[in-house]
Amino acid sequence: MTVSSRPVSRLEGRALNLRGILSEFWPRIGLTWAMTLIEVMLFGLVPLLIGWAIDGLLAKDFTAFWQLAGVLAALIVLGTLRRVYDTRAYGVMRVALGKALAARSPDVPVSQLNARMDMGRELVDFLEEEAPESATAVLHSLVAIVILATINPMLALSAIAAFVGMIAIYALAHQRFVSLNKVLNSQKEKQVGILGTRSMPRLGAHLLSLRRAEVRVSDTEGVVYGLIFTVLLGAVLFNLCYATQSMVVTAGLVFSIVAYSWDFVESALALPMTLQSLARLSEIVTRINQNEAST
């Protein structure tokens with residue numbers, strides 16, 4: 001009888017982190033991200049095409065209307081195909097990650113291994129959901145800054161200053177997020193073992209500890225995002241005041257300045273969320289790449 005030399009998982013021998021998953025599955029990830037980018041570009045055309053379609057229909061010209069209908073149809077088809085493909089592509093990655101994690105953790109108690117497998121799935125969740133959304137948000141932020149700069153450089157500078165302030169605020173809280181997530185994940189690893197004891201007092205103490213850890217993470221998030229939102233809204237208010245007090249503008253131009261400033265705020269807020277996710281994932285990566293039980 002011969003022993004198969006086939007690897008247990010495509011991730012066998014690789015570090016179980018974002019880079020390892022990207023390196024092994026880049027064709028699948030690249031395709032789904034490309035489809036996401038095309039969707040973003042098509043969505044960006046919709047407001048422009050709506051305006052053209054309105055003007056064309058008023059002039060009895062249906063050309064722009066059919067162009068708009070074509071883009072909307074393409075969005076429907078592309079969006080459907082991407083979601084169908086995503087489920088299968090990222091499902092393969094979750095299977096490979098789970099098998100690799102189980103194969104290299106023979107001495108880890110089942111309770112901790114179960115928790116680590118759930119945590120490991122967050123790596124693939126990040127690549128499937130947050131990474132494309134973050135890339136889209138960055139593109140929207142850049143577009144907003146460029147358009148504000150074409151109207152008046154001072155408007156763009158205020159947005160850039162707010163962006164720098166946002167990064168500085170998050171940087172101050174980054175290590176705290178890592179520490180809090182470490183405590184939270186350690187508590188999650190104990191859950192299956194505690195359930196196995198059938199002890200209500202131990203389960204109650206565990207759930208209370210879990211709640212406290214989650215509250216500390218949530219409280220930190222609340223403070224950080226409150227400060228970040230304050231800085232970003234300050235940029236919107238500055239641009240509104242500067243446009244009306246220091247520039248010669250029409251009502252329509254003021255609306256455009258406020259609209260693009262607000263678009264920048266909405267898009268920029270995605271970045272600290274992504275950074276916080278990366279902080280959580282960095283702790284998870286350290287944990288799931290340990291081949292022994294944690295204390």
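Predicted model: local features only at pLDDT ≥ 70, side-chain atom pairs only at ≥ 80, totals over all residues.
**Entry 1: nonpolar surface**

I began with the surface. Leu 37, Met 41, Val 138, Leu 139 and Leu 142 make a nonpolar patch of about 450 Å². H3 gives the most, with 3 residues.

I went through some H3 positions one by one. Leu 142 lies in helix H3. Leu 142 counts as partly exposed because its relative accessibility is 49%, and the exposed class needs over 50%.

Ser 141 has its place in helix H3 too. Is Ser 141 buried or exposed? Its relative accessibility is 7%, so I logged Ser 141 as buried. I looked up what it touches beyond four places in sequence: Phe 264, Ser 267 and Ala 268.

His 140 is also found in helix H3. At 33% relative accessibility, I logged His 140 as partly exposed. Leaving aside neighbours within four places, its contacts are Val 40, Asp 263 and Ser 267.

**Entry 2: salt bridges**

Next I turned to charge pairs. The structure holds 6 salt bridges. I followed up some of them.

Glu 39 and Arg 83 meet through their side chains at 3.9 Å, N to O. The cut-off is 4 Å, so this pair counts as a salt bridge. It links distant parts of the chain: Glu 39 sits in helix H1 and Arg 83 in helix H2 (residues 63-103), 44 residues apart. Arg 83 is partly exposed at 48%.

Asp 86 and Arg 82 form another salt bridge, at 3.1 Å, N to O. I asked why these two can be set against each other along one helix. They are 4 residues apart in helix H2, so about one helical turn separates them. In general, an α-helix has 3.6 residues a turn, so residues three or four places apart point the same way. Both Asp 86 and Arg 82 are buried.

I then joined these pairs up. Glu 39, Arg 82, Arg 83 and Asp 86 are linked in a network of salt bridges.

I also looked up Arg 94. Its salt bridge partner is Asp 125, with the closest N and O atoms 2.5 Å apart. Arg 94 lies in helix H2 and Asp 125 in helix H3, so the pair ties together parts that are 31 residues apart in sequence. Arg 94 counts as buried at 15% relative accessibility. Asp 125 counts as partly exposed at 26%.

Glu 122 is found in helix H3. At 19% relative accessibility, Glu 122 counts as buried, because the limit for that class is under 20%. Which residues does Glu 122 contact, leaving aside its neighbours within four places in sequence? They are Arg 280, Leu 281 and Ile 284.

I moved on to helix H8 (residues 270-288) and checked its length. Its 19 residues should span 27 Å at 1.5 Å a residue; the end C-alpha atoms are 26 Å apart, which agrees. I listed its buried residues, among them Leu 281, Glu 283, Ile 284, Val 285, Arg 287 and Ile 288.

**Entry 3: nonpolar cores**

The largest nonpolar core has 27 residues. Which of them touch the most other members? They are Phe 177, Val 224, Ile 228, Leu 232, Ile 257, Phe 264 and Val 265. At least two residues of this core come from each of H3, helix H4 (153-189), helix H6 (200-246) and helix H7 (251-268). H4 gives the most, with 10 residues.

Beyond four places in sequence, Val 265 is in contact with Phe 229, Leu 232 and Val 236. I also noted a second, separate core of 25 residues, which includes Leu 11, Ile 21, Ala 115 and Leu 127.

Key:
Residues numbered from 1 in each chain as written. Heavy atoms only, no water. Patch = residues over 30% accessible without salt bridge, like charges linked within 9 Å, V, L, I, M, F, W, Y side chains within 5 Å. Areas by Shrake-Rupley, 256 points an atom, 1.4 Å probe, with all protein chains shown as cover. Buried < 20%, exposed > 50% of the residue type's maximum accessible area, 1.4 Å probe, protein only. Contact = heavy atoms within 4.5 Å. Expected span 1.5 Å × (residues − 1). Core = buried A, V, L, I, M, F, W, Y, C linked by side-chain atoms within 4.5 Å.
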